[in-house]
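Work through the exercises below with the sequence and the 3D structure open. Each task is followed by a solution in steps.

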Amino acid sequence: MSAQIVRVKGTVLQISQSSDGSIYAVSDNDSVTLYDAADFSVIAVINEKKAVKTSFNMAEDGLYIIIMTENGMFSMRKLEKTDGRWTYYPNSSYYQADCSGKTPMTARAFSSNSDYVAAAYNDKSIQLHFRLRVTQSSITKSVKEHSTAVYGLEFSRNGEYLASVSKDGTAHIWNTWNMSRQATIKNIYTKSLIPVYFSADSDYIICMDGRTSFRVCDLTGKILYSVMTGHSIVSLKPLKDPDLIAVLDDKNEFMIYSISDRIPILSASAAAMPPITAFEFNDKATYALVGCETGAVYAIETQEYTDLADLIRVENGGSAVAAVQRFSSFSLCAGANYLNAPYLLSGNFRFEYKYCKKTAPWYIGAGALAQVGFPRNEFPYSYEMNGEAAKPPYFCSAAVYIPTGFIFSPWGNSIFFKTDLRVGAKVNSIAFVSNSHNGYMVGNPSYSFFAGGGLGMILSIFEFDVNCEYDTIGKVTPSAYAGICIKRGVKK
C-alpha cells in the first residue's frame with residue numbers, strides 16, 4: 001500500500017527522519033524542506049542547494065538538522081518544539097564548515113553524532129575533520145591510500161570507523177580516532193557506485209559483491225557470507241534495526257533482509273512509482289518514505305515476505321541466498337553414451353518437458369529417449385542373413401521416463417544450473433543389416449529398468465548436461481547431451 005504525501009520542486013536527493021519519527025527532511029537541487037510528520041505541514045524551507053547528506057541529531061540541548069551539500073558545505077541548525085509544534089529559526093546555525101578543498105570532491109559523509117566530517121577528493125585523498133565543540137573549530141587529518149578515485153564514504157553508527165571505497169573495488173576501514181587503517185576489503189562490485197556501509201550496531205560491514213548480490217563482512221574485512229538477490233541492485237542501506245538491510249532493485253521493488261537469518265523477511269512494492277532516488281525506513285521497517293525523480297514523496301508499507309520457496313541456501317564458507325525462476329520448458333537434445341563391449345558409442349536423441357512453475361526450485365516432467373549403439377570393430381561374433389554375411393548388429397533402444405531434479409539461476413538471469421534424476425523403462429533390440437544393404441532384420445524386443453542422474457546447465461536457449469545412466473541390460477554407462485531448451489512463462 002502506498003500514498004503520495006508531499007512533493008518538492010525537483011528530483012529528491014535525500015530523505016531523513018528524526019529518531020522519534022516526528023519530523024523529516026526532503027532535499028532537492030535547490031533546498032531542504034522540513035515537514036511535521038503529524039500533518040505533513042511545512043516547518044521550514046532551508047536554502048541549501050544540492051544537500052546530498054542530511055540527518056537529525058538529538059543532542060542534550062535539543063534537536064539538530066545536519067546538512068552537507070555536494071560541494072562540501074557542512075552545517076548544523078537547531079530546531080525547537082513549542083506548544084507541540086516544531087519551529088526553525090533561519091539564523092540558528094550552530095556550526096558550519098567548508099570542506100570543499102582545492103580539488104573537486106568525489107564523496108562526503110558525517111558521523112551520526114556530528115563529531116566527524118569526511119571528504120574525498122579527485123586527487124584520491126581523504127580528509128577527516130574532528131569537530132571541537134567548545135571552540136567551534138576542527139582538527140583535520142589526511143590520508144592518501146587509494147590508487148583510484150574514492151566514490152563512497154560512510155561512518156559507523158558509533159562514529160568509531162570510516163569506510164572508504166574506490167573505483168578499483170578496494171575499500172579501507174579507518175579508525176576515526178587516529179585514521180589508522182583497520183581492514184582492507186578487495187574485489188567489491190563498483191559499477192553501481194554503492195558505498196560500503198556498517199550495520200546499525202557497528203558490528204558488520206555491508207558492501208556490494210556483484211550486480212545482483214551483496215556481502216556481509218566482520219570488522220576485520222573477513223567475508224561471512226554473500227546474498228544473491230536475483231535482481232540488479234540499485235541501492236542498498238542498513239536500517240535502524242541492526243539486523244536489517246534494505247535492498248532496492250531495478251524494478252522499484254524493496255526487499256528487507258535479516259543479517260542473522262540471511263533471508264528476506266519483509267518486502268514492499270513501488271513498481272508503479274517513478275524511478276526512486278531516495279528512501280528512508282522507520283525504526284521498525286513497517287513503512288518507508290520514498291522520494292522520486294519527479295519530486296514526489298510517497299509513504300509505502302512493508303509486508304511479511306513468505307515466499308521462501310524462491311530461495312536456496314548454499315553453504316560455502318558462509319551462506320548465499322540464490323533466487324530461482326519459475327517456468328515450464330521443452331528441450332530437444334542430441335547426445336552419446338560410451339557403451340560397454342562389444343559396443344562402443346551410441347547416438348541419442350532426447351526430448352524432455354520440465355515443469356517448475358509451482359514447485360521451484362524443484363522440477364518434474366516427462367521424457368523420451370531414442371538410442372542407436374554402434375559395435376566395435378573387433379566384434380566377437382559373425383552373422384549371416386539369408387545366406388549372406390551380415391554386419392555386426394546395431395543395439396537399438398527407446399525409453400520413456402520421468403525426470404525430476406533441482407534447477408535454479410544464481411544470478412536471476414538466463415544462466416541456470418540443474419541436477420537431474422531420471423527413472424523409467426526401456427525397450428531394447430538389435431538390428432542386422434546385410435553387407436550389401438539388401439536387407440535388414442530386427443530382433444525380438446526385451447525390456448529393462450532405466451535410471452540416470454546428472455549435472456547440467458541451461459544458457460539462454462542452450463542446454464548441456466553430463467550423466468551416469470543405468471539399465472538392467474547395458475549396465476552403467478556415461479553420457480553427454482547438448483541441445484535446445486525453450487522456456488515458457490518465466491517468473492522470478
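Two strands pair if DSSP finds at least two bridges between them. The model used here is predicted.

**Exercise 1. An open sheet**

Task: Give the order of the strands in the open sheet of 5 strands, and find which residue in β29 stands opposite Leu 266.

Solution. 
- Step 1. The order is β22-β23-β24-β25-β29, and the pairing is antiparallel.
- Step 2. At the edges are β22 (233-238) and β29 (303-304), each of which pairs on one side only.
- Step 3. β29 is joined to strand β25 (residues 264-269) by 2 bridges in the antiparallel sense. The cut-off for pairing is at least two bridges.
- Step 4. Across from Leu 266 is Glu 304 in β29.

**Exercise 2. A hairpin**

Task: Describe how β2 and β3 are joined, and state which way the residues of β2 point.

Solution. 
- Step 1. β2 and β3 run antiparallel, joined by 4 bridges.
- Step 2. Gln 14 stands opposite Ser 27 in β3.
- Step 3. The two strands, β2 and β3, form a hairpin with 5 residues between them. In the turn, Gly 21 has a positive phi of about 75 degrees.
- Step 4. From strand β2 (residues 14-17), Gln 14 and Ser 16 point one way, while Ile 15 and Gln 17 point the other way. All four of these residues are buried.

**Exercise 3. Aromatic pairs**

Task: The structure holds 19 aromatic pairs. Classify the pair Tyr 24 and Tyr 35, then the pair Phe 254 and Phe 279.

Solution. 
- Step 1. The ring centres of Tyr 24 and Tyr 35 are 5.3 Å apart and the planes are at 20 degrees, so this pair is stacked. The cut-off for a stacked pair is planes under 30 degrees apart.
- Step 2. Tyr 24 is in strand β3 (residues 23-27) and Tyr 35 in strand β4 (residues 32-36), 11 residues apart, and the pair links distant parts of the chain. Both Tyr 24 and Tyr 35 are buried.
- Step 3. For Phe 254 and Phe 279, the centres are 5.0 Å apart with the planes at 75 degrees, so the pair is edge-to-face. That class takes planes over 60 degrees apart.
- Step 4. Phe 254 belongs to strand β24 (residues 253-258) and Phe 279 to strand β26 (residues 276-281), so the pair ties together parts 25 residues apart in sequence. Phe 254 and Phe 279 are both buried.
- Step 5. One aromatic cluster is formed by Trp 362, Phe 406, Phe 408 and Phe 417.

**Exercise 4. Charges over rings**

Task: Over which rings do the charged ends of Arg 350 and Lys 354 sit?

Solution. 
- Step 1. The charged end of Arg 350 is over the ring of Tyr 481, at 4.2 Å from the ring centre.
- Step 2. The charged end of Lys 354 is over the ring of Tyr 363, at 5.9 Å from the ring centre.

**Exercise 5. Cysteines**

Task: How many disulfides does the structure hold, and which cysteine sulfur is nearest to that of Cys 217?

Solution. 
- Step 1. The number of disulfides is 0.
- Step 2. Cys 217 is in no disulfide, and the nearest cysteine sulfur is that of Cys 207, 4.5 Å away. The cut-off for a disulfide is 2.5 Å between the sulfur atoms.
- Step 3. Cys 217 has a relative accessible area of 0% and is therefore buried. Cys 99, with 4%, is buried as well.

**Exercise 6. A serine in a loop**

Task: Locate Ser 111 and decide whether it is buried or exposed.

Solution. 
- Step 1. Ser 111 is in the loop between β10 (105-110) and β11 (116-121).
- Step 2. Its relative accessibility is 0%, so Ser 111 counts as buried.
- Step 3. The side chains of Ser 111 and Asn 113 are joined by a polar contact of 2.7 Å.
- Step 4. Leaving out residues up to four places away in sequence, Ser 111 touches Tyr 116, Phe 155 and Gly 159.

**Exercise 7. Backbone angles in loops**

Solution. 
- Step 1. Arg 262, a residue other than glycine, has a positive phi near 65 degrees. Arg 262 lies in the loop between β24 and β25, and at 27% relative accessibility it counts as partly exposed.
- Step 2. Ala 285 is not a glycine either, yet its phi is positive, about 60 degrees. Ala 285 is in the loop between β26 and β27 (287-292), and at 1% relative accessibility it counts as buried.
- Step 3. The cis peptide bond runs from Ala 341 to Pro 342, with omega near 15 degrees. Pro 342 is in the loop between β32 (326-338) and β33 (343-355).

Conventions: Residues are numbered from 1 along each chain as its sequence is written. This is a predicted model: local features need pLDDT of at least 70, side-chain atom pairs count only at pLDDT 80 or more; totals for chains, interfaces and linings use all residues. Side-chain values use heavy atoms; hydrogens and water are left out. Rings of Phe, Tyr and Trp (its six-membered ring) pair if their centres lie within 6.5 Å; planes under 30 degrees apart count as stacked, over 60 as edge-to-face and the rest as tilted. Buried means under 20% relative accessible area, exposed over 50%, partly exposed in between (1.4 Å probe, protein chains only). A charge sits over a ring if NZ of Lys or CZ of Arg is within 6 Å of the ring centre and within 35 degrees of the ring normal. A polar contact is a pair of N or O atoms within 3.5 Å; within protein, one must be able to donate a hydrogen and the other to accept it, and residues adjacent in sequence count only if both atoms are side-chain atoms. Contact means heavy atoms within 4.5 Å.
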